[in-house]
Amino acid sequence: MGAALVQALLDAGWRVATFSRQPTPFIERCRQQRDGAFDWQALEAADFDGLRGWVAHVRDRWDRIDALVNNSAVSREGRLTLQSTDDIHALLTVNLESVIHLTRAAAQTMLHQRHGAIVNISSVNALRGHTGVAVYSATKAALDGLTRSLARELGPSGIRVNSVAPGYFASALTEGMPEEQRKQIVRRTPLGRLAEAEDIAGVVRFLLSDEARFVTGQTLVVDGGLTC
Amino acid sequence: MENVQTAVVEELQQVAELRGLSLPSTSARQHLIDDLGLKSLDLAHLVAALERRLRVDPFIKHVPITQIRTIGDLCAAYTCALSEPK
């Protein structure tokens, strides 16, 4: 998902800064081929001071921050009564708390510019109940709440805030899913397939663009009609 | 190091100007809300501008924003944050 987002935004002419725990072959390729428009740092999402430092680094390099896509997430599936305290803590820290800290830092730069767009990557799990993902769902629903309140708070300063709620797509988060469950999801999806990461990235790119200049505080569901 | 009071007053003037507020003179005792007419959004803009200029945000860890009432309080908060080891 992260790679698809980076690729979509680079292709649209954005300069893109991102971070992750470790570099991937995709990141190495971007660093070699798109150095002037691409910036990567090794960083843990749970390192809140590091997140602030990263925002300062991006601002120092490119003088402004016009967009933020909050895509950090972990998944720890299991019934709530069987989940460990560590798993619950990891979900809340990475999926929610780190997003709030990163948004706080980036929004400050956007406030100064009086311009910016933020997209939070939510989930259809924020909208529909599913067994085994209660805490994950809670963090994603919280992001939708964050989206709506921040849209009110930052709108007068020219900053738009939206969220995108992807349906199921082929990723590390769904690869452990039993084949029969995957088939069932496809059967229930009017458009007849799982999402591709590029389906989500295209919608994010739209929300960040001037084409969406009058859209804020919304959650856009990208699930092939699964929840309609 | 840049003078904190100068930075605060200059950025305050910028924020006031954008809001159409008159700010003929300033003193440390002036109340940001009651005397100058700033709103919470103006304070957010002011803190954002000062973070960019002074590269520090006292309200992350050092001081609750609710304790800031006057220009003097604001200057003291930035002076304190700047004196902390990074």
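Modeller: In this predicted model, four of the elements of chain A form an open sheet of 4 strands in the order β3-β4-β5-β6, with parallel pairing; strands here are DSSP runs of E of at least two residues, helices are runs of H or I of at least four, and both are numbered from the N terminus.

Biologist: What makes β3 and β6 of chain A stand at the edges?

Modeller: β3 (67-70) and β6 (219-222) of chain A each have a single partner strand, so one side of each lacks a neighbour in the sheet. The twist from one strand to the next averages 20°.

Biologist: How do you know that β3(A) is joined to strand β4 of chain A?

Modeller: Two strands pair if DSSP finds at least two bridges between them, and 4 bridges join β3(A) to β4 (residues 116-121) of chain A, the two running parallel; A:Leu68 stands opposite A:Ile118 in β4(A).

Biologist: What makes you say that helix α4 of chain A packs on the sheet?

Modeller: Residues are in contact if their C-beta atoms, placed from the backbone, lie within 7 Å, and helix α4 (residues 85-113) of chain A touches β3, β4 and β5 (159-166) of chain A. The direction of α4 makes about 170° with that of β3(A), where axes are lines fitted to C-alpha atoms, for helices over the stretch in contact, and angles run from 0 to 180 degrees between N-to-C directions. Helix α5 (residues 134-154) of chain A lies across β4, β5 and β6 of chain A, at about 165° to β5(A).

Biologist: Why is the unit of β1(A), helix α2 and β2(A) called right-handed?

Modeller: The term applies if, with the strands pointing away from the viewer, the path from the first strand over the helix to the second runs clockwise, and the unit made by β1(A), helix α2 (residues 25-33) of chain A and β2(A) is right-handed in that sense. Strands β1 (residues 16-20) and β2 (residues 38-42) of chain A pair in the parallel sense over 5 bridges, with A:Thr18 opposite A:Trp40 in β2(A).

Biologist: How do you know that the radius of gyration of chain A agrees with that of a compact globule?

Modeller: The rule, 2.2 Å times the number of residues to the power 0.38, with the radius taken over C-alpha atoms, gives a value near 17 Å for 228 residues, and chain A has 17 Å, which agrees.

Methods:
Residues are numbered from 1 along each chain as its sequence is written. Chains are lettered from A and ligands numbered from 1 in the order in which they are written. This is a predicted model: local features need pLDDT of at least 70, side-chain atom pairs count only at pLDDT 80 or more; totals for chains, interfaces and linings use all residues. Two residues are in contact if their C-beta atoms, placed from the backbone, lie within 7 Å.
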